[in-house]
Amino acid sequence: PKYMTISKAYKKILSELKMRKPLAIILIDYPGFNLRLLKDAYNLGITTIYHIPPKAWSHGEHRADVLKNFSYLVTGILPFEFDFFKSKDVNIKFIGNPLKDNVEEYISAHRVQKEPYKIGILPGSRESELKKLLPILIEAFVELEKAENKVVAHIPIASTISKKFAYNLIYEIKNKYGLHDDWFHEKIKIGFGNAYEVLNSCEYAWVCSGTATLEAAFFSTPMSVMYKVSPLTYYLAKKYLKIKYVSLVNLCTKKETIPEFLQGQANVKNLIDHALSILKNKEAKQKMMAELSVIKELFPQNAAKNAASEIVQCILKYNLPPEVKFHVHHKTIAESLYE
């Protein structure tokens with residue numbers, strides 16, 4: 001449905017590149033659009049830099065060849081993607097992940113203790129994810145509360161979801177399970193755009209697979225991850241995806257650090273059993289928190305600064321005459337740019 005809009009934007013960008021003749025172009029994520037633009041920009045003689053490369057490590061390995069042949073530099077934000085692209089002879093630099101910097105900044109400004117029996121429910125950032133996961137998650141919490149009546153759920157709705165959609169869906173779920181208003185408002189707290197507040201303070205979380213799992217890990221919050229898609233999508237994913245795990249946490253640690261409940265496994269029993277195993281077992285909780293803390297060590301600090309430094313060095317390397325390069329070599333990048 002958006003093809004004409006996207007096509008028009010592409011032609012506009014390409015026209016501007018031909019007219020302006022920039023020294024460099026930085027392409028960010030969005031591989032369906034940017035991999036094609038990468039080739040065109042490269043063929044125009046522009047220094048091409050790709051920030052946050054496509055997930056060729058999970059599918060579409062041919063995209064690594066495109067990056068190898070048409071990019072001067074790739075800056076990656078995940079440690080395992082660095083290993084993959086390096087093995088494909090792509091000039092990639094691992095610069096860390098801005099999520100880690102964001103989380104550490106938040107923690108330093110909001111030092112709190114984990115609240116016992118506070119459960120975080122993060123159902124995703126897309127409407128389709130909420131439709132599939134939120135009914136199961138709320139049902140699981142209702143049953144969990146029967147087994148442990150001290151629990152309280154906090155559901156931070158992503159800023160990408162409209163409040164109207166979220167409230168309508170929650171209202172439908174509440175009515176479906178016949179939940180009394182007083183019980184619901186006492187036990188389930190709804191917030192908008194407050195995921196960090198919840199992850200920073202909750203004792204345990206159910207998290208939709210995505211970047212939120214990595215954020216939860218940076219908060220050292222024990223969790224399980226779940227995801228559901230249509231049967232056809234799942235069939236195709238099983239057929240074409242070349243990864244052992246789905247969550248970013250397990251992909252980073254290369255083992256099952258957190259349980260992954262996918263498709264039929266994303267059910268009430270599995271969610272409750274794992275939540276209780278953490279809430280009722282202090283040793284299990286501490287063990288998972290320790291394993292999650294290790295993930296922080298995989299990521300260097302100051303991702304944005306690291307990316308900027310690598311990008312500037314790349315631009316200088318491929319665009320300055322030899323005598324200026326010699327001069328730059330004996331000065332800091334900042335001083336050279338200023339001059």
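In this predicted model, Lys287 and Glu291 both belong to helix 14, where four residues, about one turn of the helix, separate them. An α-helix has 3.6 residues a turn, so residues three or four places apart point the same way. The two side chains form a salt bridge whose closest N and O atoms are 2.9 Å apart. Lys287 is exposed at 52% relative accessibility, whereas Glu291 is partly exposed at 21%.

Lys88 sits in the loop between helix 4 and strand 4, and Glu61 in the loop between strand 2 and helix 3, so the pair ties together parts that are 27 residues apart in sequence.

Helix 7 illustrates how burial is arranged along a helix. Its residues Phe165, Ala166, Leu169, Ile170, Ile173 and Lys174 are buried. Viewed down the helix axis, these buried residues fall within an arc of 160°, and therefore line one face of helix 7. They pack against helix 6, strand 6, helix 8 and strand 7. The face turned away from the buried side carries the exposed residues Lys164, Tyr171 and Glu172. Just after helix 7, Gly178 takes a positive phi of about 60°.

Conventions: Residues numbered from 1 in each chain as written. Predicted model: local features only at pLDDT ≥ 70, side-chain atom pairs only at ≥ 80, totals over all residues. Heavy atoms only, no water. Buried < 20%, exposed > 50% of the residue type's maximum accessible area, 1.4 Å probe, protein only. Helix = DSSP H or I, 4+ residues; strand = E, 2+ residues; numbered from the N terminus. Arc of directions from axis to C-beta. Contact = heavy atoms within 4.5 Å. Salt bridge = Lys/Arg side-chain N within 4 Å of Asp/Glu carboxyl O.
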